[in-house]
Amino acid sequence: MRAVVQRVNNANVNINGENISDIEKGLLIFLGVADGDTENDLNYIYDKVINLRIFEDENEKMNLSLLDIKGDILIVSQFTLCGDTRKGRRPNFTSAAKPDLANQLYEKFIEKAKSEENINRVGTGKFGANMKIGLVNDGPVTILLDSRKEF
């Protein structure tokens with residue numbers, strides 16, 4: 001499982017001209033589920049995401065987590081994170097999980113976030129939809145995570 005974590009001032013998801021979800025200060029998470037991923041991968045990525053100390057404290061040092069600031073989170077499924085570009089110029093997506101497994105783990109990630117009392121608001125994309133994502137990246141701060149620790 002892979003995640004791109006972006007610290008944002010705000011972010012939103014738009015489908016067919018309709019705003020379906022938006023957040024204020026917090027994290028935008030692009031989540032890619034790979035073939036063979038399990039709940040162990042999900043738990044690893046989830047724990048990393050909510051506990052990353054990438055928000056500034058009173059001394060302007062990145063020392064606080066999403067939970068510490070009681071921020072918002074927007075979770076968007078993105079199978080293209082599992083693309084392999086090592087050969088040729090067209091990404092190969094064969095390592096991405098099949099839609100049933102990917103959606104199941106994506107929904108579990110969302111459920112976990114919704115159960116956190118120190119997350120202010122949980123927004124989501126729509127699995128499998130063509131979405132337009134708007135964001136104001138804060139910093140910018142962008143972190144890459146991989147449950148198989150490939151980077």
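Predicted model: local features only at pLDDT ≥ 70, side-chain atom pairs only at ≥ 80, totals over all residues.
Trainee: Why is K108 called partly exposed?

Mentor: The relative accessibility of K108 is 25%.

Trainee: Why is the contact of E39 and K108 called a salt bridge?

Mentor: The N to O distance between the two side chains is 2.6 Å. The criterion is a Lys or Arg nitrogen within 4 Å of a carboxyl oxygen of Asp or Glu, so E39 and K108 meet in a salt bridge. E39 belongs to helix α1 and K108 to helix α3, so the pair ties together parts 69 residues apart in sequence.

Trainee: Why is D146 called buried?

Mentor: D146 has a relative accessible area of 5%. Buried means under 20%, so D146 is buried.

Trainee: What makes the pair of D146 and R2 a salt bridge?

Mentor: Their closest N and O atoms are 2.6 Å apart. The limit is 4 Å, so D146 forms a salt bridge with R2. D146 lies in strand β8 and R2 in strand β1, so this pair joins parts 144 residues apart in sequence. R2, D146 and E150 are linked in a network of salt bridges. R2 and E150 are also among the residues nearest the centre of the second largest pocket.

Methods:
Residues numbered from 1 in each chain as written. Heavy atoms only, no water. 1 Å grid on protein atoms, 1.4 Å probe; cavity = no way out; pocket = protein on both sides within 12 Å on 5 of 7 lines; lining within 4 Å. Helix = DSSP H or I, 4+ residues; strand = E, 2+ residues; numbered from the N terminus. Buried < 20%, exposed > 50% of the residue type's maximum accessible area, 1.4 Å probe, protein only.
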